[in-house]
Every structure is written in structure tokens, then in C-alpha cells.
Amino acid sequence: MRILMLAQFYPPYLGGEERHVQDLSIALAARGHSVAVATLWHAGLPEFTVEQGVRIYRIRGTLQRVAGLFSDGGHRHAPPLPDPELVWALRQLVGSERPEIVHAHNWLIYSFLPLKTWSSAKLILSVHDHSVACPKKKLIRNDELCTGPSLAKCLPCAGEHYGLVKGVPVVLAHRVMTMAEKAAVDLFLPVSHAVAVDNDLVGHGLALEVIPNFVPPVSSIPDQAPHPLLAGLPPGDFMLFVGAFARYKGLDVLLRAYADLTAAPPLVVIGYQTTEYPLRTIAMPPNVIVLQDWPHAAVMQAWSRCMLGLVPSIWSEPFGIVAIEAMAAGRPVIASRIGGLTEIVLDGATGLLVPAGEHEALRDAMQRLIGDPDLRLRMGQAGRQRVSDFQASAVVPRIEQIYRQLLHTVARTHASTALHEPPPEAHH
């Protein structure tokens, strides 16, 4: 099959979504498919390269040239509307690659929508966040979970987030393009049932199938040579949080809970700074070790060194790849009972679920697992078994079968049409 991935960012830009697109593209290429990726160009990166059998095209957009539109010049996002240069670049790319499947992963899809009919390709959208429902992509309003979009809420919320000059057009363009998106997409692939519900994709006759993200094989983690950064970890037991240093990730709640623990092992926090919902906490409790901007390989090895993983999110986490990574390393997970985390962590079996934002419940769960190494071992073993459902060997064939089913539908429709058409001589 000829497959074109659409992703606004691609490694070396790091993130769960970017890793998923890269891993999926490489896996499909290894299975004999023709795979290309269209992503946004950024300074210092080649416009075209081939990596592990995947052709990567970095394309330029008109709005990308306006530096003042982006708060982070290093991450110039795809806009929530067709960008003229991106549309033209994608048209050239589709003409040369002739994809049968276009698999989009974020707002870069909007610059493909004008080409959908012309391309004759089947269009799939993996939904990794809340970008179908929310112009901010997180369904957070006034530091709380948003109950759903409306102009009365979205206009002031996006205005505060993006600035009034950008916020209003983003909201209006997003509402129009979401309607076009729902009409054009042949199949939505939300990463969890929770994210399908949060994006209002359920109950409207839209074609969808929940397909989770996936992680590398469990056996590959201990076989790697120790990463040099591991020297920054404590020598003994420690608990581990991995994620953005942001309030929506629940890090404020975690630090408050940790400060209330008695005789606790060190808490290691691995992540990166963000301007979005930055922490209110400045002073760290004693025995908190903060490590920034670690590569993914080092993070995976850190999971195998820790005693338990912590995912205390206070937003409706679409999936929670870090929970799966901890489980893949055989570690129990304490997570918030919210969003896609409830579909990953089995409460009492592979870890513990606690109410989001309640630091006392989080503290008590941490204290329970700290004091019971046998329970940690049993949960870790159960988590390692469960994670087999979230590995490439289980997920990639499902995606491959979805592609085939969509193309089979097209072929069957064309064959049916041909059967009912009069022979050429009948037209004379």
C-alpha cells in the first residue's frame, strides 16, 4: 500500500505523538509498504530525507513565515485552516507519491482537505488529543476541565490563551474546519474511548475505531547499554514522574502529596519546561530530583530503575503513554482516575487509580505501595503482561487491516459501479 502520513512535527522534535508517527511509519515500511511523511519544515532540518525506509518531506507554510504568530518560534504549528503554501506543497507531494491512504494526526489535515476529492485517497485521522473539539486542544478552561465547546466559552478562553488577535480567528476557523473535517474523514482513530467521547465523536454516525498508541517490545529495554544520563538517578529505590512541568499534568498535586509523606524514597521528576500552565510550585520538597530534557531512550531505562511510576494528571489525559512505558518496564503505576488512564491502568491489578487533583488520596496510594514490595512486584508483573496489548506487534497489524478494509471498500464500490454501467458501444 502507498501511505502518506500528515504530522505537523516529526523527530527530532520529541513528544508522544511524534514518536508514534515515527514508530508507525517505520513499522509499516518494514512490513513492505511505501510510506512517506509530510511534516512542517523548521530551520536547520533538510527538506527531504529517507530514514529507515520512510521518505520524509518537510514542507513550508505561509503562516509559518510570520514569526509573530507563534509564542514558541521553534514550534510553528499548523494553522486551523488551509494554508495556501501547505495546500500547494501537499498537492505536489500527492501527485508524486500517489497515496492510497492519507493518515493524518493533527491540524495539518486542514491543508489537505481541499485536496481530498482530487487525491482519490482514503483519509484517516488519528485523534491524539482534544483538537477536534477544543481550539486549545486540551479541554481546559480556567484551570479546570471544560464541559464542552461553545462560542461563549471558547472565544474568551482562546483569547486569553492565544491573545485576542489570534484567539478569535482560531476559534472561528476551527469551528468551520471541524465541520469540513467530519464530512471528509473516512475513519477516525481515537487513541482511547475517553478521547472519542471528549471530542464528541460518539453518537453522530461517524466511522471510528479506537486504536491505542504502542510502545517498543518489553524485551528491548534491559538489553540496551546504560545511558550516561542514568548517573543522575539515585542509587537506591525512587519513584518516577515523567512529563511536562505543567499544572495539567498534576505535578503541583504530586509535589504536595510527596511533601506529606514520611520516610519516603526520593522522587525523580523527568520532563521539560512549558509556557502552557506552568507550575505554581517553585520550591521543591526535599529529596525531589529534577532532570530536564532527557532523550526517550534514557527515560525508558529510568523506568526500569524506579520502584513505581506516577501519572497524577488533572486533565482528561487522552491516552497516557507514560503509564504504558512504566508498565512495559514491569513497574506498578499510580494514576488519576480520569480520561484514557482508566483504560490503561487496572485499579488494584496493575496499579492504583486515585481521584484527580486530590493530593491526600495520591499520598495514601504512594504510602501503600512504598510499604508493600510484594504488592509492587505483583502489580508490575501484571502490568508487563497487560502491555502486550499495546505493543507494535499487536497494534500495527490492526492499523494495516483498517487500511485494507478501506481500500477493499473502494475497490468493491468501483466494481459494483462497473457492473451497472452500460458497455462502451451502448453509448453510441
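**A guided tour of the predicted model**

Begin by selecting the buried residues of helix α1, which are Glu17, Glu18, Arg19, His20, Val21, Gln22, Leu24, Ser25, Ile26, Ala27, Leu28 and Ala29. The model on display is a predicted one. Because twelve of the 15 residues of α1 are buried, this helix is largely enclosed by the rest of the structure.

Next, select the whole of α1, residues 16-30, and consider its length. At 1.5 Å a residue, its 15 residues should span 21 Å, and the C-alpha atoms at its ends are 21 Å apart, so the two values agree. Beyond the helix, select Gly32, which follows α1 and has a positive phi, near 95°.

Pro12 belongs to the loop between β1 (2-6) and α1.

**The nonpolar cores**

Which residues of the largest nonpolar core touch the most other members? Select Leu6, Leu240, Ile270, Trp294 and Trp303: these hold that place among the 70 residues of the core. Helix α9 (residues 321-328) supplies the largest share of this core, seven residues. In soluble globular proteins, nonpolar side chains tend to be buried together.

Return to Trp294 and display its surroundings. With residues up to four places away in sequence not counted, Trp294 touches Leu229, Leu230, Leu233, Ile270, Val299 and Ala302.

**Two loop residues with positive phi**

Select Gln52, in the loop between β3 (48-51) and β4 (54-59). Gln52 is a residue other than glycine, yet its phi is positive, near 50°. Is Gln52 buried or exposed? Its relative accessibility is 61%, and Gln52 therefore counts as exposed, the cut-off for that class being over 50%.

Then move to Lys137, which is placed in the loop between β6 (122-127) and β7 (140-141). Lys137, also not a glycine, has a positive phi, near 75°. Its relative accessibility is 14%, so Lys137 counts as buried.

**The cysteines**

How many disulfides does the structure hold? The number is zero. To examine this, select Cys134 and Cys154. The cysteine sulfur closest to that of Cys134 is in Cys154, at 6.4 Å, which is too far for a bond, since a disulfide requires sulfur atoms within 2.5 Å. Cys134 counts as buried because its relative accessibility is 8%.

Cys157 is in no disulfide, and the nearest cysteine sulfur, which belongs to Cys134, is 6.5 Å away. Cys157 is buried as well, with a relative accessible area of 14%.

**The last stop**

Finish at Thr274, in the loop between β11 (267-272) and β12 (288-292). Thr274 has a relative accessible area of 19% and is therefore buried, as the class takes in values under 20%. What is Thr274 in contact with, leaving aside its neighbours within four places in sequence? Select Ala244, Phe245 and Ala246, which are the residues in contact with Thr274 on that basis.

Notes:
Residues numbered from 1 in each chain as written. Predicted model: local features only at pLDDT ≥ 70, side-chain atom pairs only at ≥ 80, totals over all residues. Heavy atoms only, no water. Helix = DSSP H or I, 4+ residues; strand = E, 2+ residues; numbered from the N terminus. Expected span 1.5 Å × (residues − 1). Buried < 20%, exposed > 50% of the residue type's maximum accessible area, 1.4 Å probe, protein only. Core = buried A, V, L, I, M, F, W, Y, C linked by side-chain atoms within 4.5 Å. Contact = heavy atoms within 4.5 Å.
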